[in-house]
Amino acid sequence: MAQGFTRTEILPALPPPITERGAVKWMRENLFSTPLNIVLTVLGALFVYWIVASSLPWWLNSVWNAESLSQCREIVQAKAGEGATGACWASIRVWWGAFLFGFYPPAEWWRPILAFGLLFAALAPVLYAGQRGNLTLVLGVVAAFLLVTLYLSQAPTSAFVMVVVLVAGLIALAQVLPGKLLWFTLVYPALCFWLLWGGSIWSPIVAMAGFAVLYAVFRLTSPLIGLAPAAGAGIVAAALWWLYLDVPLLSALHSMLPLEIRSINSDQFGGFLLATVIGVTGISFSLPIGILLALGRQSDMLIVKTLSVGFIEFVRGVPLITLLFTASLLLQYFLPPGTNFDIILRVIILVTFFAAAYLAEVIRGGLAALPRGQYEAADALGLDYWRAQRLIILPQALKVSIPAIVSTFIGLFKDTTLVSFVGLMDPLRGVTTILRADINWKGIYWEPYIFVGAIFFLICFGMSRYSMYLERKLKTDHR
Amino acid sequence: MKKSVFFGALAATTLVAGLAGAATLDDVKARGELLCGSNTGLTGFGAPDASGNWAGFDVDLCRAVAAAVLGDANKVKFVPTTGETRFTALQSGEVDLLVRNSTWTSSRDSELALDFVAVNYYDGQGFMVKKDLGVSSAKELDGATVCIQTGTTTELNLADFFKQNNISYQPVTVSDDSEAQRQYLAGACDAYTTDASGLAASRATMPDAENHVILPEIISKEPLGPVVRHGDNNWGDVVRWTYYALLIAEEKGVTSANVEEVLASTTDEEVKRLLGASGDMGAKFGLDNDAFKRSIAAVGNYGEIFSRNIGEGTTINLARGLNALWTQGGLQYAPPFR
């Protein structure tokens with residue numbers, strides 16, 4: 001007898017069919033959706049397999065401890081059998097110091113390390129303006145980094161004392177007046193110069209005093225003769241200071257209180273130390289110069305405009321290598337005989353000019369993206385030129401240009417490897433050539449390239465991530 | 001009109017550069033340091049070690065000059081120069097002396113206004129092939145692929161050689177020695193050609209050196225030597241005779257180890273003059289009288305320099321060959337020291 005069936009409770013929901021969920025669904029949708037995609041997926045998988053299969057043994061057979069390339073090869077043969085290949089990272093281990101510092105004396109390695117750590121302390125107030133939490137975090141990381149690396153590089157006790165006092169002072173300042181940390185950023189270039197090149201402590205102080213003279217003269221005379229003439233007078237006064245008062249004052253101060261650390265020659269700089277010095281100096285000086293050039297190009301004043309356009313077009317029209325050769329060879333012809341103008345300084349100046357010309361065009365793009373109304377609004381508010389630029393125009397123009405500016409910076413940093421063409425010891429070609437000239441390591445090929453490439457990637461990737469963070473932070477529109 | 005202004009400016013700058021180099025010896029003494037243009041890194045000839053101390057066959061000649069002029073073989077600043085910058089660095093006064101395995105050619109002597117003062121290494125272009133290719137002479141390389149560094153004189157020599165022998169080849173151009181070695185070992189080319197000394201160094205460091213042979217033909221003359229600026233003859237003399245002093249020292253059996261002993265005991269008048277015990281030969285160059293003795297004491301004689309850096313027993317293992325003394329069938333011959 002048939003009895004009607006009535007379900008009284010709801011069945012539990014079944015999972016979707018196997019083809020419609022999880023990895024299978026994802027693969028069906030993304031890898032095997034059409035015949036063309038199937039073919040491409042198979043080819044791609046074969047390619048990846050080929051790469052991995054051909055290089056994996058090389059990575060797995062890595063040798064970290066050896067005295068020479070032939071020893072490396074023997075170790076690999078002993079481990080993996082006849083004919084096996086393996087990476088010989090021992091070469092990097094042995095030449096580690098040269099890759100990082102060039103021929104900077106090992107007893108003084110703590111100085112570039114300290115300068116590098118403090119670089120972040122100096123950058124933090126710019127990168128995280130006024131954010132107490134982030135500033136404290138960065139300073140704390142800097143302190144930890146410095147204490148560990150200084151210990152590893154066997155720095156003298158005085159360096160530790162200096163780090164603890166300095167960083168503790170900065171952290172305290174960050175709690176009370178985070179805005180004032182910018183002063184450290186302003187002092188940092190002189191401190192960094194002194195740490196890296198050494199010599200009397202008075203030389204950076206007296207040189208920085210020139211800027212103080214510039215500012216004082218500017219402030220004192222600007223109410224009397226106007227902004228531009230006052231700036232001119234300040235520059236003249238500072239130039240006089242540097243030309244005539246710098247040297248005698250320096251020797252007088254030095255004889256009164258001789259505080260100095262061992263001075264290091266430029267030709268001992270190399271590796272990532274050199275790349276960082278050129279890159280960071282170029283980046284930090286090219287941005288302000290680039291902004292001025294971009295504004296100059298938009299200016300109504302004929303001379304300013306012509307000079308800016310001429311500079312930008314000339315420098316952009318010439319390859320960087322040409323400028324580097326100019327720095328290394330041609331300048332020497334035009335300077336008086338016997339002058340010894342430091343080669344790193346020459347290269348830094350020309351690299352800065354090069355980057356500044358590109359940045360000027362990038363920023364001009366940002367300026368052009370602003371609606372005309374913004375300029376008119378600034379005028380309507382009665383702001384003078386500099387206030388209008390500083391408060392209204394530039395913040396918006398720079399925000400628009402962030403990705404392109406950071407691209408230029410990354411390009412500049414990578415271009416520092418080109419200095420090997422003028423005989424400087426950059427990490428990629430300079431140190432690698434020397435490493436390969438060492439009879440123990442002659443014949444090594446991939447390892448130095450991979451090592452240097454990895455470090456460059458880390459630095460450039462870091463810059464790129466920061467720029468994305470900055471873009472998100474500054475995003476005010478609702479698109 | 002414009003052109004003449006340009007050339008005028010060029011002439012003026014050349015004049016300034018000429019003035020800068022007019023008295024290099026005095027400049028070096030005043031500076032207390034010799035600026036020696038060197039290689040960015042060439043195995044056995046000139047390269048720094050991991051702690052930045054330069055060593056090599058060319059480097060030792062710089063040290064000898066520094067010992068003669070300044071009395072201290074360590075008062076040298078080695079300025080790494082690339083193939084592109086080396087001669088301009090010398091002309092512009094960036095370096096006092098260039099010892100960077102540069103080939104003495106007529107155009108470099110005339111057009112570039114440089115002076116090659118001596119030949120410290122007689123080199124020549126050779127070929128390296130894999131043994132299983134079964135080739136015993138470069139003339140059998142018909143149709144072969146050859147790895148060659150671009151922009152060098154070796155490229156031109158190679159073309160000349162194959163043309164003269166009426167055989168064909170296919171060049172595989174590479175940028176530097178390490179890449180050439182890489183390509184050659186990977187089988188991208190049948191033969192690798194460069195200076196014979198470079199071939200020997202490359203072969204010595206290969207994983208399977210016994211499977212590669214250097215063919216007997218040397219297809220070019222590559223006399224390598226120290227270079228100074230044209231027009232400063234006194235400085236050129238100092239460099240030239242420092243080098244000759246090292247040669248004479250080998251000829252007379254004076255070494256860095258026995259130089260004091262020889263000085264005390266020798267009866268050879270030329271050795272006495274060389275070591276400054278008689279006459280005033282050093283003073284005639286504007287140097288101290290024992291200048292050349294200091295050079296020998298600092299770096300040893302030519303034979304010692306050779307065997308220490310590139311000679312038999314080192315990894316590079318070069319035979320003296322053309323670089324033996326003239327008394328032993330080589331080309332190294334110093335004029336008399338009197």
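User: Let me start with one residue pair in chain B. Which residue of S11(B) stands opposite Cys147(B)?

Analyst: Tyr192(B) in S11(B) stands opposite Cys147(B). Keep in mind that this is a predicted model.

User: How do I read such a pair in terms of strands?

Analyst: Begin with the general idea. Strands of a sheet pair through backbone hydrogen bonds, either parallel or antiparallel. Now the case here. S9(B) and S11(B) pair in the parallel sense, over 2 bridges.

User: What joins S9(B) to S10(B), and in which sense do they run?

Analyst: They run parallel, joined by 6 bridges. For a pair to look at, take Thr145(B): its bridge partner in S10(B) is Gln170(B).

User: Now the whole sheet. In what order do the strands of chain B lie?

Analyst: The order is S10-S9-S11-S8-S12. That makes an open sheet of 5 strands with mixed pairing. To find the edges, look for strands that pair on one side only. Here these are strand S10 (169-174) and strand S12 (212-214) of chain B. From one strand to the next, the twist averages 30 degrees.

User: Which helix lies across S8, S9, S10 and S11 of chain B?

Analyst: Helix H6 of chain B, residues 153-164, lies across those strands. Its direction is about 155 degrees to that of S9(B), which spans 144-149.

User: Next, domains. How is chain B divided?

Analyst: Into two pieces of assignment. Domain 1 takes 23-122 + 223-328, and domain 2 takes 125-220. Check the separation next: their C-alpha centres lie 31 Å apart. Then check the contact. On the domain 1 side 8 residues take part, and on the domain 2 side 5 residues. By class, the domain 1 side has 3 nonpolar, 5 polar and no charged residues.

User: Let me turn to the fold of chain A. How many helices and strands are there?

Analyst: Chain A has 19 helices and 2 strands.

User: Why is chain A called more spread out than a compact globule?

Analyst: Compare two numbers. The radius of gyration of chain A is 29 Å, while the globule rule gives 23 Å for 479 residues; the value is well over the rule, so chain A is more spread out than a compact globule. Its C-alpha atoms fill a box of roughly 115 × 70 × 50 Å along the principal axes. Of the 479 residues, 32% count as buried. Among contacts in chain A between residues at least 6 apart in sequence, 71% join residues at least 24 apart.

User: One last residue. Is Pro258(A) buried or exposed?

Analyst: Count its neighbours. Pro258(A) has 10 other C-beta atoms within 10 Å, and 12 or fewer counts as exposed, so Pro258(A) is exposed. Pro258(A) sits in the loop between helix H11 (227-256) and strand S2 (260-261) of chain A. Ile201(A) is 57 residues away in sequence, yet the C-alpha atoms of Pro258(A) and Ile201(A) are 8.2 Å apart.

Notes. Residues numbered from 1 in each chain as written. Chains lettered and ligands numbered in written order. Predicted model: local features only at pLDDT ≥ 70, side-chain atom pairs only at ≥ 80, totals over all residues. Pairing = 2+ DSSP bridges. Helix = DSSP H or I, 4+ residues; strand = E, 2+ residues; numbered from the N terminus. Axes fitted to C-alpha atoms, helices over the stretch in contact; angles between N-to-C directions. Contact = placed C-beta atoms within 7 Å. Domains from an automatic or database assignment. Nonpolar A, V, L, I, M, F, W, Y, C, P; charged D, E, K, R; others polar. Rg over C-alpha atoms; globule rule 2.2 N^0.38 Å. Buried ≥ 20, exposed ≤ 12 C-beta atoms within 10 Å, placed from the backbone.
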